[in-house]
Amino acid sequence: MPPTPASQQVPLSCVPPTSRPFVKWAGGKRRLLKDLSPLIPEHFGQYHEPFVGGGALFFNLASRRNPAPEPWATLSDANRRLVRTYRAVRDAPERLLERLAQLATDHDKEHFYAVRALDPDAFADDVEVAAWFIYLNKTAFNGLYRVNRKGRFNVPIGRYDRPNICDPGAIRSASIALQGAKIHNEGFEKVLDRARPGDVVYFDPPYVPASKTASFTDYTRDGFTLDDQARLRDIAAELKLRGIRVILSNSDVPVVRDLYRSGFDVSTVSCGRSINSKASARGRVGELLIT
Ligand SMILES: C[S@@+](CC[C@H](N)C(=O)[O-])C[C@H]1O[C@@H](n2cnc3c(N)ncnc32)[C@H](O)[C@@H]1O
């Protein structure tokens, strides 16, 4: 990636006290922060979040760590459009805000479906991808991100009177927080090559569905299978052996309890879920925190 032109860099002298996710994301962890934060040691090397999604825990930690003289976090996700969006927020927040302001002005039903029909993978510029991504995130039904087998975004328009499409405070504070982060588009296994003893790794994978109707594993075209869950457990065990602090969240279902039965500490939390395509499946879902 070419270096960020000086005109687009965010002055670190203007660090706001808090940063937060700039997208609404299924499985977002804001409500679990009070349970997750105590699991992070006071001092650690690098922070890794291989299923970054909305990045709630990263942004929460960033409010404590930035401005940082050196990169302190590595964020990654298999969703390439999301990763390109993060890069644009980090590297070109002002140009992105101009595009979002334009999209906010143009927003109506017809415009929504015209933007939805675009193929963001054909855009050369990360800012264009980010504008597409954030616009749809703020205007689609329930803020869902869902694609069909061909990778086409297929969520209908949501019922919002005044969607907050262009939020300069959220984008600028996220951009400042992301100055401390490297961002990669890759599978979660890559963390094995990156993490060193003394580092922290937080895994927030697509959850094992609590029931068929409550399932939401279509974050990427490939979904996330039980074999993936087992591979993740093996990687978590390997990292622990190497002296890396591992924190993992997942749904409280027997198959997850079985996977982490030996060699891990498992505790239960309950968490109000705000995103589910079926209103009847919203509500309090038990979750496990695993270390
Ligand atoms: C539950 S979400 C993460 C939620 C996030 N931590 C938050 O607080 O908003 C799971 C993420 O994993 C990503 N993902 C799915 N399969 C993956 C894989 N094999 N490797 C890496 N990321 C994957 C999805 O794109 C999605 O962003």
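Tutor: Let's start with burial. A residue is buried if 20 or more other C-beta atoms lie within 10 Å of its own, exposed if 12 or fewer, and partly exposed in between, with C-beta atoms placed from the backbone. By that count, buried residues make up 38% of the 291 residues in this protein. Keep in mind that this is a predicted model: local features need pLDDT of at least 70 and side-chain atom pairs count only at pLDDT 80 or more, while totals for chains, interfaces and linings use all residues. Residues are numbered from 1 along each chain as its sequence is written.

Student: How many helices and strands does the protein have?

Tutor: Helices (H or I, at least four residues) and strands (E, at least two) are DSSP runs, numbered from the N terminus. Here you get 10 helices and 7 strands.

Student: And what about contacts?

Tutor: Two residues are in contact if their C-beta atoms, placed from the backbone, lie within 7 Å. Take the contacts in this protein with a separation of 6 or more: residues 24 or more positions apart account for 77% of them.

Student: Which residues have the most contacts inside the largest nonpolar core?

Tutor: General idea first: in soluble globular proteins, nonpolar side chains tend to be buried together. A nonpolar core is a set of buried Ala, Val, Leu, Ile, Met, Phe, Trp, Tyr and Cys residues joined through C-beta atoms within 7 Å. The largest one here has 66 residues, and Val89, Leu96, Ala130, Ala131 and Val201 have the most contacts inside it. Helix α6 gives this core its largest share, 9 residues. Zoom in on Val201: leaving aside neighbours within four places in sequence, Val201 is in contact with His48, Val191, Ala195, Leu239, Ile244 and Val246.

Student: Let's pick a helix. Which residues of α9 are buried?

Tutor: Check its length before its sides. The expected span of a helix is 1.5 Å times one less than its number of residues. Now the sides: Leu232, Arg233, Ile235, Ala236 and Leu239 are the buried residues of α9. They cover an arc of only 165 degrees around the axis (the arc of the directions from the helix axis to the C-beta atoms), which puts them on the same side of α9. The face turned away from that buried side carries the exposed residues Leu226, Asp227, Ala230, Asp234 and Leu241.

Student: What covers the buried residues of α9?

Tutor: The cover includes α8 (191-194), β4 (200-203), β5 (245-251) and α10 (254-259). Just after α9, look for Gly243, with a positive phi of about 85 degrees.

Student: How many residues of α3 are buried?

Tutor: In α3, 11 of the 12 residues are buried, so this helix is largely enclosed by the rest of the structure. Those buried residues pack against β2 (73-77), α4 (93-106), α6, α7 and β3 (181-185). End to end, α3 reaches 16 Å from its first C-alpha to its last, close to the 16 Å expected.

Student: At what angle do α3 and α7 cross?

Tutor: Axes are lines fitted to C-alpha atoms, for helices over the stretch in contact, and angles run from 0 to 180 degrees between N-to-C directions. The axes of α3 (residues 80-91) and α7 come within 7 Å and cross at roughly 95 degrees. Angles under 35 degrees count as roughly parallel, over 145 as roughly antiparallel, 65 to 115 as roughly perpendicular and the rest as oblique. That makes α3 roughly perpendicular to α7. Tyr86, Val89 and Arg90 of α3 meet Ile171, Ala174, Ser175 and Leu178 of α7 in this contact.

Student: Where is Asn142?

Tutor: Asn142 sits in the loop between α6 (126-139) and α7 (168-178). Its phi is near 60 degrees, a positive value in a residue other than glycine. Asn142 counts as partly exposed, with 17 C-beta neighbours inside 10 Å.

Student: Is Glu110 buried or exposed?

Tutor: Glu110, in helix α5 (residues 109-116), has 10 C-beta neighbours inside 10 Å, so Glu110 counts as exposed.
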